[in-house]
Amino acid sequence: MCGIVGYIGQKKAYPILIKGLKRLEYRGYDSAGVAMIDTKGGLNVYKAKGKVADLEAFCEDKDISGNAGIAHTRWATHGEPNSANAHPHYSASGRLALIHNGIIENYATIKENLVARGIQFKSVTDTEVLVQLIEHIMVSNDLDLLEAVQVALHQVIGAYAIAILDREHPDTIICARQSSPLVVGLGEDGDFYLASDASPIAEYTDKVVYLNDGDIAVMRLGEKLKVVNLDNETQHPKVKQIDVTLGQLEKGGYPFFMLKEIFEQPNCLRDCMRGRINVEGDRITLSAVIDFREKLAGARRIIIVACGTSWHAGLIGKQLFESLCRIPVEVEYASEFRYREPVIFPDDVVIAISQSGETADTLAAIELARQAGAFVFGVCNAIGASIPRQTQTGVYIHVGPEIGVASTKAFTGQVTVLSMLALCLANERRTIPGDVYKEMVAELTRIPEKMEEALKTNEQIERLAPIFTYAKNCLYLGRGYNYPVALEGALKLKEISYIHAEGYPAAEMKHGPIALIDSEMPVFVIATRDKLYEKVISNIQEVRARGGRVTALVTAGDEQIRRLADHVIELPDTLECFQPLIASIPLQLLAYHIAVCKGKDVDRPRNLAKSVTVE
Ligand code: F6R
């Protein structure tokens, strides 16, 4: 949700800011803006509705000189996406400019007070309230900017990552964070970079500081980075090595990041398993399980909290933990869990799954679980994000930055980590025989190769996709481990092609959704050979009997379903519990190609953002 970039140093700020915004555009893309101190000391703010490219076009004839600036790409919360509501926002006198990611919950009360003091507003955003408040405090109490920020943030309730430029102090950027991510990059020449994640910083420096909640950072040229809290106590955050490479941030010849990320999955899963599965391929070692063996293997219950695609991964995790470890599992939408007064026991293990590691609802669910005394385990992709820092232990999925807004490789990475964790705990608890454990681990190591096989369906799916572009509704059916795959397939299609789609357990169809089926309704059935195979065939028959058009994902060589379905997509065979890793690939490709056929911006679907840092 919203991307923040900043730079102050010897280089020209504008190209760094624009390039950084493009890297962060996955976080929001309804409007963008930049504020820079020009070479004459003026503070210029330029803003445009639309994508970063629209901002660039707008700036073509503007003064973009200067070595200090802040920039923002927006995902609207308060006020429609237009240039007035876009960030940066000026303070009343025009001395300050501020960008913000997050939500100021008590903005209406603060605004009322400021309006009563004669301050006028140009936008309807919560962000403008903050910059007006800071200037008002600075002027009326004769404080410097840092002091005014500290006083203002004491009054604010909500989530923020902010950065401020002050015309009177062109050598300084001040930024602060509370519940929204912010990373400071330390350049070789004493210059400073600032961003919502490390991706805009990676090409300039590998030294970063991840700010913590309550931190305020002062980046002043010629001085070391200063970090204090709201009470002006000095903080000592660690300088860390950056974790992304430039190659990971580029499209590498693919038309969209989403397609690149779909094709990266075999290697991502190899990275995810590397160092965790031994070279013989028969043992899994997770340091989290070594460090917290008793807590994890002795769990009375597992509660999985997550949102969206990560929640779907959690549904697969439930089946893995229940069948392999015999531990009862509940899978909760983090947004519901946090407000539901759930019963949590101290010997529960709560597993929080999140690609970004910044999802506000998941963070709140973690906090609730911790307060109840549960042990919290994180499954995350973004290194150094908030969720890994707020959980007692966890496992990174190590699939590299995911830039396409629709999650693909993170999903399979999450399922792989959950598979490894379930196998590890099952081995510790002796709930599966040793030889079964070894055979399952070996099969897991074969999954990347089988994914490569599954990716060969790309051309077939590209040919099929135009058939489905007319559809207004689609149904995805699966059972057992393939039910969450159906949910995920439907979500992918909704997100990027804007076709309504529902995922259903195949047998539930006859309890309602069957009424929708007619010849206009594409039905995608995951019908790979497993213990429910025959039953899924009956479900396909039910759809056929009502004129439904069936596309089935089947195990290679399946002639029975070929005779029943309109189209079949053949997939390599694997153990039932790993089938989601294979079966999700054609469904990702299907959503991708349908969206491309419909001319949609696959990487930046409307209304969505990659990192949902507001509730
Ligand atoms: C769907 C998608 C979202 C996210 C959800 C949770 O493609 O990406 O549904 O899965 O917003 O995000 P994370 O995993 O970052 O917590």
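The legends below describe close-up views of a predicted model.

**View 1. Residues around the ligand.** The ligand is surrounded by 15 residues, and the closest are Ser310, Ser354, Gln355, Ser356 and Thr359. By type, the shell around the ligand divides into 5 nonpolar, 8 polar and 2 charged residues.

View 2. A polar side-chain atom of Glu495 is 2.8 Å from an oxygen atom of the ligand, and a polar side-chain atom of Lys492 is 3.0 Å from an oxygen atom of the ligand. At Thr309 the polar atom belongs to the backbone, and the distance to a ligand oxygen is 3.1 Å. On its own the ligand has 410 Å² of accessible area, of which the protein covers 89%.

View 3. At least two residues of the shell around the ligand come from helix H10 (308-325), and at least two come from helix H17 (482-497). Domain 2 (251-454) and domain 3 (456-615) each contribute at least three residues to the shell.

**View 4. An open sheet of 5 strands.** The strands run in the order E21-E20-E22-E23-E24 and pair in parallel. Strand E21 (500-505) and strand E24 (567-571) each have a single partner strand, so one side of each lacks a neighbour in the sheet. From one strand to the next, the twist averages 20°.

**View 5. Pairing of strands E23 and E24.** Strand E23 (residues 549-555) is joined to E24 by 5 bridges in the parallel sense. Opposite Leu553 stands Ile569 in E24.

Terms used
Residues are numbered from 1 along each chain as its sequence is written. This is a predicted model: local features need pLDDT of at least 70, side-chain atom pairs count only at pLDDT 80 or more; totals for chains, interfaces and linings use all residues. Side-chain values use heavy atoms; hydrogens and water are left out. A residue is near a molecule or strand if one of its heavy atoms lies within 4 Å of it. A polar contact is a pair of N or O atoms within 3.5 Å; within protein, one must be able to donate a hydrogen and the other to accept it, and residues adjacent in sequence count only if both atoms are side-chain atoms. Accessible areas come from the Shrake-Rupley method with a 1.4 Å probe; for residues, only the protein chains shown count as cover. Helices (H or I, at least four residues) and strands (E, at least two) are DSSP runs, numbered from the N terminus. Ala, Val, Leu, Ile, Met, Phe, Trp, Tyr, Cys and Pro count as nonpolar, Asp, Glu, Lys and Arg as charged, and the others, Gly among them, as polar. Domain bounds come from an automatic or database domain assignment. Two strands pair if DSSP finds at least two bridges between them. Axes are lines fitted to C-alpha atoms, for helices over the stretch in contact, and angles run from 0 to 180 degrees between N-to-C directions.
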